[in-house]
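Student: I am new to this structure and would like a close look at a single part of it, the place where the chains meet. Could you please take me through it in one connected account?

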Amino acid sequence: MMIDDETLIAFLDGELDEAEMERIAVAIDADPALTDRLERLQLSDQAVRETYQPIAEEAVPDHLIAAVRQADRDTAPDSETVLPFQRPTGDRPSRPAWQAYGAIAASLVIGVLIGSRFGLTEPAPLHFEGDRLLAGGVLATALDRQAAGAVGEGDTHVQLSFATDAGGYCRAFQQGGTAGLACREDGRWVVELTAPVPAGSNGPIRTASTALPTILLEAVDARIAGETLDAEAEAAAIENGWSGDPD
Amino acid sequence: MGKRSARLENEMIEYLPRMRRFARSLSRDAADADDLVQLTVERALTRLDQWQDGTRLDSWMYRIMKNAWIDETRRRQRQGRHLAPPEAGESVGAEDPDFDKRIRAMSVERAMATLPDDQRIAVGLVLVEGLSYKEASNVLDVPMGTLTSRLARGRKALEAQLNPDSVEAGHDD
């Protein structure tokens, strides 16, 4: 039986209907020349697959991941209205080594001292209560009231807001070189994660449109129900105190 | 209409290993291949409004990459530049300690580079990326028959080059 190469290759790819697959299988069994052709094709197919497969197993270069995060932020409709997030004034290191909660707390306190009406009496922006890290002070105020995309008191910037599968709310925030994820629980903001923001594809001036760390976006993705809140839904959530909880 | 979200970004990042693999099946040069991936990501993000939510993001990205590759090959041809320098030392799996594998990978790359673009793209999508014929013909926006014909011609040419003792080989090295 004559079987053309297109059919033979479609057979190899499992792209024929059941009856046709069966017919070709029988023909191959009965014809050594056909078996030989099939084996040769299989051999070269396998060589091609094995040549390229390792590429998909390599670590993806950082700059390609950054291209997804970064280009996306750059084309966000509000990116032009976002204020510089941290000006290179020289009186603070532009990229401190944020290693501990103490560092972010200190930085937030600087924000309080610069722009606050409350001075030193303002509660700490981060504090432990039992085994949970809670937002307080300017951070809690920003999480309570600030729309995503705006820069508020203490340079705290809320990047995005979303509802969780459990019916609660979480918000991703950024302050200088540190980003974090806070989720609403019992009328308070529990800070579930903080992570350093990837070093600057934006140059020396950090803007609010800086890409969020991968680990944080993964955490968002693990919790999010549907899409991020749009401006309207977010405004409603702010109005309702993030759960309808009158706190 | 597609829109930006953390989930979409993550999905895109999830596809990057495959996009890199496909790019490498198109371009022998590793740096060119990653440039192609970057271009694809940038175009995808600026044209997100053209992506229909609910359709496959990976298929759409493959299509963008295919178009970007064809644009790039035409541009270079106009400039009289070669795409894959034949003396290029880098090879897929060059870090592999297995010498035979390395030699074979180099043969595969060389053979792929001899295919016309349309055949190489069809082989890349189906054989390397594992797309079904239907998915691949969607990506390329060509009838199924066109895809299977390109695929068959490409696969036969590869077979002839990779099994040089083949009785069907049109030409030997």
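Tutor: The account below turns to the interface and then to the aromatic pairs inside the chains.

This is a predicted model, in which local features need pLDDT of at least 70 and side-chain atom pairs count only at pLDDT 80 or more, while totals for chains, interfaces and linings use all residues. Residues are numbered from 1 along each chain as its sequence is written, chains are lettered from A and ligands numbered from 1 in the order in which they are written, and side-chain values use heavy atoms, with hydrogens and water left out.

In chain A, 44 residues are in contact with 46 residues of chain B (contact means heavy atoms within 4.5 Å). Between the two chains an area of about 4500 Å² is buried, 59% of it from carbon and sulfur atoms; buried area is the accessible area (1.4 Å probe) that two parts lose on being put together, summed over both.

Chain A and chain B share 7 salt bridges, each a side-chain nitrogen of Lys or Arg within 4 Å of a carboxyl oxygen of Asp or Glu. A:Glu50 and B:Arg104 form a salt bridge through their side chains, at 2.4 Å from N to O.

On the side of chain A that touches chain B, the elements giving two or more residues are α1 (5–12), α3 (32–57), α4 and α7 (214–223) of chain A. Of these, α3(A) gives the most, with 15 residues. Helices (H or I, at least four residues) and strands (E, at least two) are DSSP runs, numbered from the N terminus.

Helix α4 (residues 62–74) of chain A holds A:Arg69. The side chain of A:Arg69 makes a polar contact of 2.8 Å with that of B:Asn10. A:Arg69 counts as buried because its relative accessibility is 3%, where buried means under 20% relative accessible area, exposed over 50% and partly exposed in between (1.4 Å probe, protein chains only).

Over all chains there are 4 aromatic pairs. One of them is edge-to-face and joins A:Trp189 and A:Trp242, at 5.5 Å centre to centre with 70° between the planes. Rings of Phe, Tyr and Trp (its six-membered ring) pair if their centres lie within 6.5 Å; planes under 30 degrees apart count as stacked, over 60 as edge-to-face and the rest as tilted.

How values were computed: A polar contact is a pair of N or O atoms within 3.5 Å; within protein, one must be able to donate a hydrogen and the other to accept it, and residues adjacent in sequence count only if both atoms are side-chain atoms.
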